[in-house]
Amino acid sequence: MKKIGFLSFGHWSPSPQSATRSAADVLLQSIDLAVAAEELGADGAYFRVHHFARQLASPFPLLAAVGARTRRIEIGTGVIDMRYENPFYMIEDAGSADLIAGGRLQLGISRGSPEQVIEGWRYFGYAPLDGESDADMGRRHTEVFLQLLKGEGFAKPNPQPMFANPPGLLRLEPHAAGLRDRIWWGSATNATAEWAARLGMNLQSSTLKADETGEPFHVQQARQIRAYREAWKAAGHAHAPRVSVSRSIFALVNDLDRSYFGRDQSSDQIGVIDNMRAVFGRSYADEPDRLIEQLRADEAIAEADTLLLTVPNQLGVDYNAHVIESILTHIAPALGWR
């Protein structure tokens, strides 16, 4: 069995070919797609976070709205860039969204992806400490966030407060019990995957990774997952971790699918991203019988317990619901995912 969800980048464009021509379109359709995915039996609704772009940004209002409209589906991010975050304020936002959703939040966080602007986090009021890189700053914010999620008091109360306080030091409220175990780290390297394991975070591995061995993307990603699990075991955590991978997968079951994706003959690509040589994983688009055989050979999908389907959100809710349903109906049972 494997959990299957969708991951939306939340693009919008004023182009007449786009079904999402404004930020309002993207936000409202994201909620509707989460509802539709839950009705279809999918397990998760995940959303990317990008600043200074015509894409989904501040995630917590959207996560709270999805939580209020759904009852079962996991609700998450992939990923929140921690270079931009105040971990103290984020605790309050995350706690509120998780309580609205009844404990279904699955927060993917990370150092972040390449930006639309130069050092955008500086506009949010953050800067690395002396001798610290921006990636170090993101990990520092993360460690503060993880500590605060424990719900332990740390702030000295006012002796003459406006409202009565519980005894002892105060914590941030509202506190979401259990959310600490539902934090994921988006990792592009083996080293950061092992770091995430030591800190007790679940692992999100997307469609790009540092090219560390020259092997095919799915082979390197599978090695990363195994290294992460070994580090988790060595850290002695009491519970089992979760691991997700992201893929663009399209089952061609009708003429519209073939018109959109029938010419997709993609393969792994090599590029340079943030001065790092990276390997970008292929997308999958084929008739169901051939698609099943291709996916059966993907080592990283086999290693993961959660698969996130990246969806073309600008094609609208109905078509994206069809994409998800096609995987759940035609592909997942044949591969033992359902």
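The legends below describe a predicted model, first as a whole and then in several close-up views. Residues are numbered from 1 along each chain as its sequence is written. In this predicted model, local features need pLDDT of at least 70 and side-chain atom pairs count only at pLDDT 80 or more, whereas totals for chains, interfaces and linings use all residues; side-chain values use heavy atoms, with hydrogens and water left out.

**Figure 1. Overall fold of the protein.** The protein has 10 helices and 14 strands; helices (H or I, at least four residues) and strands (E, at least two) are DSSP runs, numbered from the N terminus. The C-alpha trace spans about 70 × 40 × 40 Å along its principal axes. The radius of gyration is 20 Å, which agrees with the value near 20 Å for a compact globule because the chain has 338 residues; this radius is taken over C-alpha atoms, and the globule rule is 2.2 Å times the number of residues to the power 0.38.

Figure 2. Of the 338 residues, 50% are buried, that is, under 20% relative accessible area (1.4 Å probe, protein chains only). Among contacts (heavy atoms within 4.5 Å) between residues at least 6 apart in sequence, 72% join residues at least 24 apart.

**Figure 3**

**Figure 4. Parallel partners of strand E9.** Two strands pair if DSSP finds at least two bridges between them. Strand E7 (residues 202-205) runs parallel to E9 and is joined to E9 by 3 bridges; Gln204 has Ser244 in E9 as its bridge partner. Strand E14 (residues 306-311) is also parallel to E9, with 4 bridges between them. Here Arg247 has Leu309 in E14 as its bridge partner.

**Figure 5. Antiparallel partners of strand E12.** Strand E12 (residues 276-280) is joined by 3 bridges to strand E8 (residues 208-210), and the two run antiparallel. The bridge partner of Leu208 is Phe280 in E12. Strand E11 (residues 269-273) is likewise antiparallel to E12, with 5 bridges joining them. Gly271 stands opposite Ala278 in E12.

**Figure 6. The turn between strands E11 and E12.** These two strands form a hairpin, with 2 residues between them. In the turn, Asp274 has a positive phi of about 50°.
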